[in-house]
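Let's take a walk through this one together. Have the sequence and the 3D view open side by side, and we'll go stop by stop.

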Amino acid sequence: MAMDESVRDAVLAAVPSLRAFAISLSGNVDRADDLVQETLLRALANIDSFQPGTNMSAWLFTILRNHFRSEYRKRRREVEDGEGRYAETLKSQPEQYGQVELREFREALSKLPSDQREALVLVGASGFSYEEAANICGCAVGTIKSRVNRARTRLAELLDIHNTEDIGPDDTTRAVLAGHDHP
Amino acid sequence: MSERKSWGADDPMETASTRTRKPQAKPAKLSRDVQARLGQQLRAMYDDVVSQGVPDRFTELLNRLEADKDKDSR
């Protein structure tokens with residue numbers, strides 16, 4: 001049976017966001033792309049278990065997240081994937097607008113426990129509701145909320161962001177960030 | 001995928017049942033201002049990748065899988 005065109009389109013449409021999620025989990029672009037590839041292979045091999053009319057994106061995120069978790073556990077037994085390697089990866093990433101701020105943010109994010117990091121990214125960047133994020137991570141809604149809260153608090157500490165305006169981004173950065181925001 | 005919520009916005013998921021479920025002591029409350037800045041930076045980082053679109057390897061992968069399936073079913 002040929003792949004349904006709407007399935008193909010829905011899968012492809014989810015790829016950019018899956019990559020962004022995978023990079024935030026693994027901290028490594030190449031590894032993230034391998035994760036996405038494995039996710040697509042698994043998804044299409046099990047496409048019959050996808051319920052039409054439900055959220056394709058959430059289904060794919062669940063597959064990716066579970067695959068990452070099992071890979072991560074395996075790798076941790078094999079090699080110690082410490083902060084040094086992560087820092088190397090960060091250095092090799094191209095510098096773009098707001099580089100310093102973004103790099104510092106990535107570094108801070110990488111220091112969070114992975115369950116807090118994934119919760120924060122799913123809710124704060126991927127645009128999932130707390131309930132969807134809870135389904136993806138296989139935990140209670142309250143657990144997701146508490147992880148997101150702890151993640152924010154820890155990030156604010158790591159980035160030394162306080163409740164004042166004096167260390168805010170300059171006007172240029174603000175404009176870039178604002179212009180980058182979704183309508 | 002649902003719409004992004006602005007950070008610090010009132011939470012529609014907040015119900016009596018979720019409110020009472022507190023695994024740990026609540027961390028100090030961050031101001032809306034701080035939450036908004038963290039949210040901006042998080043999305044800037046994420047959207048930086050999203051804006052790269054779909055790399056060719058994934059389009060090619062799906063084309064290949066599709067061709068294989070067609071062959072299987074003849």
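Leu102(A) is partly exposed, since 17 other C-beta atoms lie within 10 Å. You'll find Leu102(A) in helix α5 (residues 99–110) of chain A. Leaving aside residues up to four places away in sequence, Leu102(A) touches Ala44(B) and Met45(B); contact means C-beta atoms, placed from the backbone, within 7 Å.

A quick word on ground rules. This is a predicted model, where local features need pLDDT of at least 70 and side-chain atom pairs count only at pLDDT 80 or more, while totals for chains, interfaces and linings use all residues. Residues are numbered from 1 along each chain as its sequence is written, with chains lettered from A and ligands numbered from 1 in the order in which they are written.

Helices (H or I, at least four residues) and strands (E, at least two) are DSSP runs, numbered from the N terminus. Of the 74 residues of chain B, 23% count as buried.

Back in chain A, take a look at helix α2 (residues 29–45). Which of its residues are buried? In α2(A), they are Ala32(A), Leu35(A), Val36(A), Thr39(A), Leu40(A) and Ala43(A). These cover an arc of only 135° around the axis, so they sit on the same side of α2(A); the arc is that of the directions from the helix axis to the C-beta atoms. An α-helix has 3.6 residues a turn, so residues three or four places apart point the same way. On the other side of α2(A), Asp30(A) and Ala45(A) are exposed.

Now for some helix packing. Helix α7 (residues 130–137) and helix α8 (residues 141–158) of chain A pack at about 100°, with axes 8 Å apart. Axes are lines fitted to C-alpha atoms, for helices over the stretch in contact, and angles run from 0 to 180 degrees between N-to-C directions. That makes α7(A) and α8(A) roughly perpendicular (65 to 115 degrees). From α7(A), Tyr130(A), Glu131(A), Ala133(A), Ala134(A) and Cys137(A) meet Val141(A), Ile144(A) and Lys145(A) of α8(A).

Helix α6 (residues 114–124) of chain A also packs with α8(A) at about 100°, axes 8 Å apart. Among the residues meeting there are Leu120(A) in α6(A) and Ile144(A) in α8(A).

Key. The expected span of a helix is 1.5 Å times one less than its number of residues. A residue is buried if 20 or more other C-beta atoms lie within 10 Å of its own, exposed if 12 or fewer, and partly exposed in between; C-beta atoms are placed from the backbone. Angles under 35 degrees count as roughly parallel, over 145 as roughly antiparallel, 65 to 115 as roughly perpendicular and the rest as oblique. Two residues are in contact if their C-beta atoms, placed from the backbone, lie within 7 Å.
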